[in-house]
Amino acid sequence: MMDLIFSFVILIVALGIASIYYSEVSNDDGLYEFTQDSLNRITTTSINSLNSPEIRDLFVQGKINNIENSIAQQVSIFYENGDLELARNITRIYFENTEGNQYFMNISLINTTNSYSLYSSPVIRVSYEESKVSYAMSREVIAFTNRSQIIGPYTFQIILWQ
Amino acid sequence: MAIKNNKRGYAFSFFSLFLVILIFFYAELQFEKDTFSSANNLEEYRIYSMNEEVIYFKDTYLLDLFDISAYKAMDVLVNESVSPIVYDLYKTNYTMLNELVKELISEGTLDSTPVPEMEGYTLKNLTDEYIEKTQDNYFMNTSFYVYDLVVYEEDPMTIDIQALIGFNFTSFDNVSSWVFNETVITSFQSYNLLDPSFHIIANTGSDTPRISPVELYAANLNWSLELFNITLQNQFTNIYVDRNYRYSIGSSYLNNLFNITHGSYKDVFAFYSFDYDEELLLPYDTSQVGNTLDFFGDTLFITSLENHSNLYDESSYNHTIISSPGISNASDCPWVSCVYLNDSQLDYLEIQNTGNFDSLKHVSSSIWFKLENKSGLQSIMSTGYQTATEDAFEILLLDDLSGIRINYRCNVGVDVMYDIYPDEELTNSYNHIYSHIDTENGSINVFINGVSSGRYSFNQNICTNVSFNQNIIFGANSSHSGLFVNGNFDEIALYSDKLSEEQIGRSYVNKKRLFVDYMDSIHGRGIYLNNGNYLNLTLNSTWEDFLQDNFTISFWFLPELPNATLMTYDTELSLGYNQSGILLSDNNIGNTLFFENVSVVPNRYNHLVLTRNGSAIDVYLNKKKSPNAVGSTPSSQGNGGEITFGSSTYPSLGVQSNNFSGVFDEILFINRTLSEFDIQRQYYNFESESKGCCNYLTLINPTIHGYNDPSYRENVSYSSHLFFNNIFRNQDINITLYSMRNITTYDTSEDYYNFLVDNCMMIAYNIYGYASDGNGFTRINEGEDDLLQCSWLIKEGYY
């Protein structure tokens, strides 16, 4: 009888170990699509379509001049002008409600010498270094305050992990 | 203690271990499989990411840079054009302008000479860093090339640049590549660009003002004396008025660049744009001649029934409408006004049939009615059902508004009757009925109140077409002897084609009669000709000598057939096309000439221009001039006659037997010979809302801007009277409709007043003045009255 129980315990333990091992290495739950989609949206969605009271206030205050700029272009302008807080805020406004619980995100603006963090997930339960799956994508963005002042190109990098 | 050898225990243990090994082996297999599919996924992801990057580059990144580079190129070109060597390259060659702008954008050179100002602004400069980064990030080579580029304008203050760009994206491993051409368009306002009229023409050098970023739509602004003064104080160079103001003698950015000191409408004798036809009924002339085109199309009969004592057919077929004596206007109408038919007075309406209801493949009708609920049948429409021995059609209202009866007879012996009980019951308010006899498919289709309510069949082998030989009666049977109605009729139309569901819906929702012969074109709306439909222009006395002097006739057309007749002038001249080129037949020449260096592009818009200069006739197709001008004049006809578009059989000198099928738009008759450059401009500005014209009110302090030079003074109008005269002279006086030449202080209320008068008159002539019959517009009469009316409007504070 003891042998039966012993064998059964071995089987259960083996099944447990195999399933944990397997699940840890094989599942990204659409993380790639979400990363690509996030990059597309931040670089092509216009400020105008955010429809946020905070954005409207910035427009009224004259901080935003062209509502047809993409979010990334407006962030670049803020960054160039030294309005770092505004650059972070506008990124936060866009991303704070789009994350799933299982993902963690970091968005950075990179110029030739520096990398500046625009947004990080507010709660990070798993660090990037300990993540099982991660994707990093980047894209060049160029912006203009008028037709003679060109800003950038800056690199926008999005890293997602779980 | 002796160890007991438990065989069963061994067996269990081995079996367990075997199962554990099996589990791990299975897990490993799955893991290997996933690793393999993950690798595949990663490859897929990589290609997908590259594709997303290609889309981003062409739709967003490059488009932004194209905008910046094009804007800079225009400014650089104006700046460099101070040199006559540069300006001479393009000032009379529009195509060269396109080439130079392309060269600046692509290479940063002008006629192969590097331009330092373009450093950092060519597309190559602007994309270098991007291309380098994408090589690193996506392991992808990127290249592109600008092909054809066209500079044009959609309105006076905007510059539009369209280019064909070829793209080539290839992954390093050559597994994936994207090779395609795409047309990109950028459109930017001329704010802050150098004003070419000052910089190049007046040669103001470093004092050249840039076009003010505070350009105002004067007509839409609430002007005050204070604002007027601020405007002057700030030296705003240009104050644009109304982008649709097409008849002024003002100038646009591109006109200024080419130093064109007259509007594109100079000497325009008649102009048919078709944009406002439905509102104004039939193709009307938007220039000063006021000649309405007759259009013989699919709308066979149409009436709004707006006044029972003055009923008329609004189509070109001009059917007479007969009404019984007791008929009266109704008070409650779906659209403006309508008529009331009283059954006790035996009222009816009758369209006198003039023969255009013969041999039709399709016949459809659209009628609004509001009839009393009563027992017995009431006749909504009858085409001789009681009196004709051949084809006839009848729409009847059934007892107590319960439904609709359709009677159709063709070729004696085929007689069908259908009763329709619609899901949504007819009401004792207004109802709309649309019926369609389709002999191609052998069916009758009925829509009641915008909803498809029945489709009924007949034998199309017997009923191959429809011919109504009797008059068409509304409100009674065809012998006027019964089936009288008690109620209102409105917005009646008959067509020789079927209406689309969208058209039926539009007619129902708008409660309005509908012309079905118009369609969207590249210039707003154009007119659609098919099945022998044509446009006809009878040259009245205002056309005296038009065709006997130098002239230009131009139009756009979208052909559906490989060959057809385009235009004829009596038996004097006929113009057509086939797959080899343009054909021109002239009875003075005695034969048909082929212009073979050009070919008509089927199913695309083509621009055709016919010019006469002295004895030479030239043909241009899509801005290309035919090399073999012919010496002839269509003059033997003398004055009068008829010009026809789209018909090969009317009159008789057709160069092609096919009637035209497709769209005509922007038909222009011009009282002078346009130059090749003029025609290039007309062609390139095909997108322009201002149609190559360009019109704005300019407020200038000439002392500051160099316009005090006597040679410019000639070109400036100083008063409202001059403004008025300029409009009607439509001559050479050009760019400035209002001048502040004599202003010495900013507190010049008299000038301000004059400005308001000018502005008012401009609006009056722009928006209110050019309706051919004033229908739907507040007509301001020509002459001194305009000035008085505007003065009064200003004094009373209305303006």
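In chain A, pLDDT averages 79, and 79% of the residues score at least 70. Within this chain, confidence is lowest in helix α1 (residues 2-26), where the mean is 59, and highest in helix α4 (residues 71-80), where the value is 91. Where pLDDT is low, the predicted coordinates should not be read in detail.

Chain B comprises 15 helices and 38 strands, and of its 799 residues 46% are buried. When contacts in chain B between residues at least 6 apart in sequence are considered, 65% of them join residues at least 24 apart.

One element of chain B is an open sheet of three strands, ordered β3-β4-β5 and paired in the antiparallel sense. Because β3 (140-152) and β5 (177-189) of chain B stand at the edges, each with a single partner strand, one side of each is left without a neighbour in the sheet. Averaged over the sheet and with direction ignored, neighbouring strands are turned by 20° against each other. The antiparallel pairing of strand β4 (residues 158-171) with β5 of chain B is made through 13 bridges, and within this pair of strands I165(B) stands opposite E182(B), a residue of β5(B). Helix α3 (residues 94-107) of chain B packs on this sheet, where the helix touches β3 and β4 of chain B, and the direction of α3 makes about 155° with that of β3(B).

Strand β26 (residues 551-559) of chain B pairs with β31(B) through seven bridges in the antiparallel sense, and T552(B) has T611(B) in β31(B) as its bridge partner. Strand β31(B) is also joined by six bridges to strand β32 (residues 616-621) of chain B, again with the two strands running antiparallel; here T611(B) has D618(B) in β32(B) as its bridge partner. The strands β31(B) and β32(B) form a hairpin with two residues between them, and G614(B), which lies in the turn, has a positive phi of about 65°.

Technical notes: Residues numbered from 1 in each chain as written. Chains lettered and ligands numbered in written order. Predicted model: local features only at pLDDT ≥ 70, side-chain atom pairs only at ≥ 80, totals over all residues. Pairing = 2+ DSSP bridges. Helix = DSSP H or I, 4+ residues; strand = E, 2+ residues; numbered from the N terminus. Axes fitted to C-alpha atoms, helices over the stretch in contact; angles between N-to-C directions. Contact = placed C-beta atoms within 7 Å. pLDDT = per-residue confidence, 0-100. Buried ≥ 20, exposed ≤ 12 C-beta atoms within 10 Å, placed from the backbone.
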